Every structure is written in C-alpha cells, then in structure tokens.
Amino acid sequence: MPISKTSDPEGPSDGLEDLLRELTPQVLGAVVRWSGDFAAAEDAVQEALLAAATTWPRDGRPDKPKAWLIQTASRRLIDEVRRQQARRRREERAALREVPAADVEEHDDTLRLLFLCCHPVLTPASAIALTLRAVGGLTTAEIATAYLVPEATMAQRISRAKQKLKGASFELDADPERLRNVLHVLYLMFNEGYTSTSGPELHRSDLSTEAIRLTRAVRAQLSDDGQVAGLLALMLLTDARRVARTGKGGELIPLAEQDRSLWDRNHIAEGVALAVEAFDTPPLGEYQIQAAIAALHDEVDRAEDTDWPQILALYGLLEDLSGNPMVKLNRAIAAAMVDGPDAGLKLLEPLDDELAGHYRLDATRGHLYEMRGDDETAAGHFRAAARGTTSLPERDYLMTKAASLS
Amino acid sequence: MTKFMLLMNMDGGNCETPMLEWDEADMKAHMDHLGQGIEELRQNGELVEVMGLTWPSHAKVVRAASVTAPVLTDGPYAESKEVLAGYTMVDVESEERAYEIAAYQSAAPGPGGVPLEQPIEVRRVMESDADLQDF
C-alpha cells in the first residue's frame, strides 16, 4: 500500500527514482506544450522514462537529464505519428515539427501541467486521479490502491480524463478561476487522504502527503499568493495532528482528547509561520482563515487554553465570505465554547433546513446537549448521527459516545 | 489457498437490543473482539479484504427493465433484519480454517459479554470453471 517515494538502497539506481519522479511533470509539461496532445505526450514520456531507467544505470547519466528526456519523448512521439501517417495525412504536419534542441529552456512546466490536469471540464475526482498520475508521478496501480479500486478501473478513468482534455488550452492564463480550481482539487485530494469518505480506514495518508508535496510545488512558483500559502499552512497544521487522531483500533479521537505530545512539531512550526504570513497577504480567502483557526488550535499545549473568542471571530469572518452551512455549524460550536451551549444551540436552529438530516448537525447537537448536562437528549442525537454517517470509524465513535451517555 | 467470503448480517444473534442501545463497555468489547480477529488475519496473511457496510437505512434496491427508467426503492429485502452488515474475504488453506474464522466472529460478545452467536454465512469464491464442477 505505501506509495514509495524513496529509491531502493539495494538497487543500482541510487537516487534515480527520485530524480525521474521530480522531472516527470516538467518533461511531460514541455512535451504537451510542444505537441499539444496530452494523451500521446504522456505515452511518449512513459517510454522515455522507461528508456532512462534502463540505459542510465548502464551508460551513465546524461549531463542534462531533463533535456535528454524531453528529446527522447519527442522523438518517440514523432515516430508514433509517422507510424500513423499513412493512415492519417493530417498528422503529417505535426511530424515535420522540429525536435526541441538539447539545450531546452530551463523552464518548469509543472505548474502549467497542474493547471491542465485541474481543467474545469473534468470532475474533481478525475482531476485528482489525473493530477496524481501526471504531476505526482504515481503509477496507475498506486492510485488504484489508494482509491481501493481495481487497476483496470482506474486506468480507464484516467484515460477517459485524458480524452476529455483533447484540445483543452494548455496556457497558463492569469484567470484566478483556474488557480482556484487547482487549489480546490489539491484541497480535496488532501481531505480524501485525511478523512477517507468511505471504507474501514480513516486515513489514506499517502494522498495527503502527495497533496502537500504538490501544494509546495505550486507555492514554489507562486510564492506571493496568499491563498496558496494559506492552503499549504492549512494542510500542514491539519496533518500535524494525524497520528493523534486515531486510537489503536483505528477509532476516532476528538481534538480535545488528543495526546498533543504526538503532534508533529515541525509541521506546526512551519504551518503557523506560513499562516501568519498568508493572513497578511491579500486577497484574503477561505484557506487563510481556516489556516488561522487551525493555527490557534495547534499552538496551545492544552485544549483548555484554546483561544475560543478569536476562533469565534474568525468563523464569523469565514461565514461572511462563504455562507457555507458547515462553517455555520463550526461557528455554533465556537459560540458554545465562548458563551455556553445554549448560544450554540440557538445558532444551529436555522440549519435544520440547510443541513436537513445531515449527521454532522446531529453530532454537533449531541455535543452541545452533553455540555449542557442533558445526557439523554445528547445520546439521542449521537444515535441519530451514527445512523446517518457512512464512515465506519465515525460511526463507531458516535455509537460509543451515545452509549457512554445512556 | 482458497478464497471464502464471510457474510455478517445486521441482526440474527441471540440479543434483541439494537446495537445503538448497548452500553459503552459492551460495544467496545464487541468491536475489540472483531478488530483483534481481523488484525490476526492481516498478520498471518489470510485477509483479502474486510468491508463494513453502512446501515440498512442507506440501502436501495434497483430494478431496471429495458423500456423504462430504473426504479429505485427502499426495499423489499429478503427479510428486513437480514440486511448485510459487512463482509470479510479471506484466502485460507482449507474450508475448515474459514469455518474457524467465522466461528470466532460469531462468538463476538454482546451485552453483558454473552457471545452474540450471530450466524456468519460462509461462501466460497468461484475462481475457475473447475469450481462449477462441485455443484
């Protein structure tokens, strides 16, 4: 199951795997830009990588590995086009294009490729799969494992996504909508790894790790964008609690009861610094505010020291910005922590329409009635929430919660 | 090695109290028992897959005919208490071993630590034409 990121120390290809992984999106980006055909470019790049993996350990690594890969892939692509020429005349023109010179511009196409993979014509699920494959350099088998589906199913999904991108623009336009889409896809990828929406295990941490890596790559190129920094901060601050979030049997442990000594101090330090920086970098968006809230939770050593008034204020800001009912729900919890459970319960009332039947609403009511000392009502809400969730660790947690109050 | 699927239904044990109404210690003992069994199967390489399914209230029955749109209903199920709760797929040396694992699952404690004795259905996975000859 683990998606290996380190090369095999036993193997002859010391460090080669890491290098190829890092170069793959840049090479693919360059070849797509040159050929304009994502699907064909990807096949050609795969062949070039295979060639590199077999010839470099034998003949030695070329001086400019990236240029070597781009050239090799481009030649393969042309060979392929030539093979089809007899049948399809119109592709003749493509074949006559020149192969990029060995000294290709030192230009990183990773971001461009990421923008293409997160194109709005794709559903978020397809965009994530394609991003993991093309930008993350994961094999189809690895992605299939992460999503608990057969490899053939995932291969089909990715190939359909590639077909859909035929003719899509590969321009890195300044359209903020595109960047927002990219960040949203990365955010979903992270969440998918952090809280699996289905299945017996709560974490598929390799997806979160990959999302963090890719967000870092975006930040490396867009370092002055507050939203990008905010998203990275949010991921680091959330991921820092991963180990403490589940018990031995995979059961969920809520924030207030986590063993904070298990939290990842390096992630927290980096995340807090980034969150502070991001908060002062306009335009202020949801990720920055969520990161600020996560920072307030992560900064304190004891749950009771949490700065709830400031968190409440931030949720107010977030609600103005997004109007998302889940934000309103979180704001109600913060209000309960500041002004008592009745204040929280009152804020939940209007959500009966917006979130009708959603288990989170029941779970939140359960917690607030418990705070109020009304155990019987609380247990009823926890049971209703347990019936509503489709995540098994969450269901077990809610059932145990109800049982402890009955 | 042969694959078997062990099916556990939502109900059918010797306890009438719905699980949502058990007390905390009983619930924990039940989950720990099943969790420990799965962990052992994982450790000795017999586990293929384990899946818990969500409540019967999430289930739907689909029927489709060629001329009309598929019809989605909330039932009927064979027997409303018999809705599948989850399954474990194992790859084991013998049929006996599959029965042993099923027996362990069936012995998971219910309220007061009394084994639930839930019936576990054991089905062999068809892997080749040869498997058909047995019927």
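Trainee: Is A:Arg213 buried, partly exposed or exposed?
Mentor: A:Arg213 is partly exposed, as its relative accessible area is 30%. Buried means under 20% relative accessible area, exposed over 50%, and partly exposed in between (1.4 Å probe, protein chains only). Please note that this is a predicted model, in which local features need pLDDT of at least 70, side-chain atom pairs count only at pLDDT 80 or more, and totals for chains, interfaces and linings use all residues. Residues are numbered from 1 along each chain as its sequence is written, chains are lettered from A and ligands numbered from 1 in the order in which they are written, and side-chain values use heavy atoms, with hydrogens and water left out.

Trainee: With which residue does A:Arg213 form a salt bridge?
Mentor: The partner is A:Glu210, with the closest N and O atoms 3.1 Å apart. A salt bridge is a side-chain nitrogen of Lys or Arg within 4 Å of a carboxyl oxygen of Asp or Glu.

Trainee: Is A:Glu42 buried or exposed?
Mentor: A:Glu42 is buried, with a relative accessible area of 2%. A:Lys162 is buried too, at 9%.

Trainee: Changing topic, how many aromatic pairs does the structure hold?
Mentor: It holds two over all chains. In one, the ring centres of A:Trp56 and A:Trp68 are 5.1 Å apart and the planes stand at 70 degrees, so the pair is edge-to-face. Rings of Phe, Tyr and Trp (its six-membered ring) pair if their centres lie within 6.5 Å; planes under 30 degrees apart count as stacked, over 60 as edge-to-face and the rest as tilted.

Trainee: Which helices hold A:Trp56 and A:Trp68?
Mentor: A:Trp56 is in helix α2 (residues 38–59) and A:Trp68 in helix α3 (residues 65–85) of chain A. A:Trp56 counts as buried at 5% relative accessibility, whereas A:Trp68 is partly exposed at 26%.

Key: Helices (H or I, at least four residues) and strands (E, at least two) are DSSP runs, numbered from the N terminus.
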